Amino acid sequence: MAKAVRMSDIAQKLNVSTVTVSKALAGKDGVSEELRAEIQRIAEEMGYQKKSMNEGKAYTFGIITPHKYIEKGHSFYWTLYERMMNYLSQRGHIGVLEIISDQSEQALELPRLIQNDRIDGVILMGNFSEEYCNHVEASGMPMVMLDSFDARYSRDTVISDGYYGMYTMVHHLLQMGHRNIIYVGSVGETSSITDRYYGFCRAMIEAGITVRDDMVIPDRDSEGKIEISINDIKNMPTAFACNCDSTAYILMKLLKSEGIRIPEDVSIVGFDNFILSELADPQITTYAIDIDKMAKEACTCLIRRLRAPSENARRIVVSGTLVVRDSVRSLK
């Protein structure tokens, strides 16, 4: 059987980029009419077959994520990836994971899955730079953003309800009598951390509490990895509202190493209902993200985009629920 012709084969023959070939064959802007006609001629001459988007087609999805989010085997994104793979396999589709290094992202190197024309669409899982997202989008590959959102662009997006989720967590602390609460998260590092910060602010302001700079401490280093310094805590609060369970878990260990008891001396809440919230001692009160629904919505959103390329972009917000455990003490 003859080997299928890929876009990268056409690009190599014409000494142009795969992105240029993709744009030309998809009828997108950014390619001169003369070059577009030449690419189309060579594609036909080489026997290139454009993938069909029929209703019954089995799709191959690229699931692309930054290295920093998935380097540890039990991260939130590993779980999200596994749920997507399960959803796709049950419906006859295929998912392929590609992890993008910091160097590849900075150099704006397209995922190999796109360069080699191996996939029908791509799910960008986690927070990439604006330039990298624009570069992937410019390739013409159908794309869905998962757990990341940028209001400046019209893109299919699936996110958890970080804003109202954190509002729920802080409201719970306030109901338990806490008013001196610190938010733990590097605001601006990711869209989800920032959304959760604004949810924290709303709950505090509604309670008549002004949010000051010293009521927020960062939790990420320059590479985006979780790192918390006890020196950043000027005055010990009665409670910490952490932007994720991993941060809550690390903060809890740090405080306990200093002889601070949880929840007798200080309370902690997390976010995600990730496995670390149950492994902690005491177990962490958190906001349970519906991870199965997030995985399903991301996959179905991309399938919808493939079948109806001209539809308006959708932003899907997946709500969760408060999970009360043992890490919060009532001050009432």
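Predicted model: local features only at pLDDT ≥ 70, side-chain atom pairs only at ≥ 80, totals over all residues.
A cavity here is a set of points on a 1 Å grid over the protein atoms alone where a 1.4 Å probe fits but cannot get out, and its volume is the space filled by probe spheres set on the points, with points joined across faces, edges and corners. Local features need pLDDT of at least 70 and side-chain atom pairs pLDDT 80 or more, while totals for chains, interfaces and linings use all residues. Numbering runs from 1 along each chain as its sequence is written, and side-chain values use heavy atoms, with hydrogens and water left out.

Lining residues (an atom within 4 Å of a point) are D156, C301, R304, R305, E311 and R314. Five of them are charged (Asp, Glu, Lys, Arg), and one is nonpolar (Ala, Val, Leu, Ile, Met, Phe, Trp, Tyr, Cys, Pro). The largest share, three residues, comes from α13; helices are DSSP runs of H or I, at least four residues, numbered from the N terminus.

R304 sits in α13, residues 291-307. Leaving aside residues up to four places away in sequence, R304 touches E311 and R314, contact being heavy atoms within 4.5 Å. As for α13 itself, twelve of its 17 residues are buried, C301 and R305 among them.

Technical notes
Helix = DSSP H or I, 4+ residues; strand = E, 2+ residues; numbered from the N terminus. Buried < 20%, exposed > 50% of the residue type's maximum accessible area, 1.4 Å probe, protein only. 1 Å grid on protein atoms, 1.4 Å probe; cavity = no way out; pocket = protein on both sides within 12 Å on 5 of 7 lines; lining within 4 Å.
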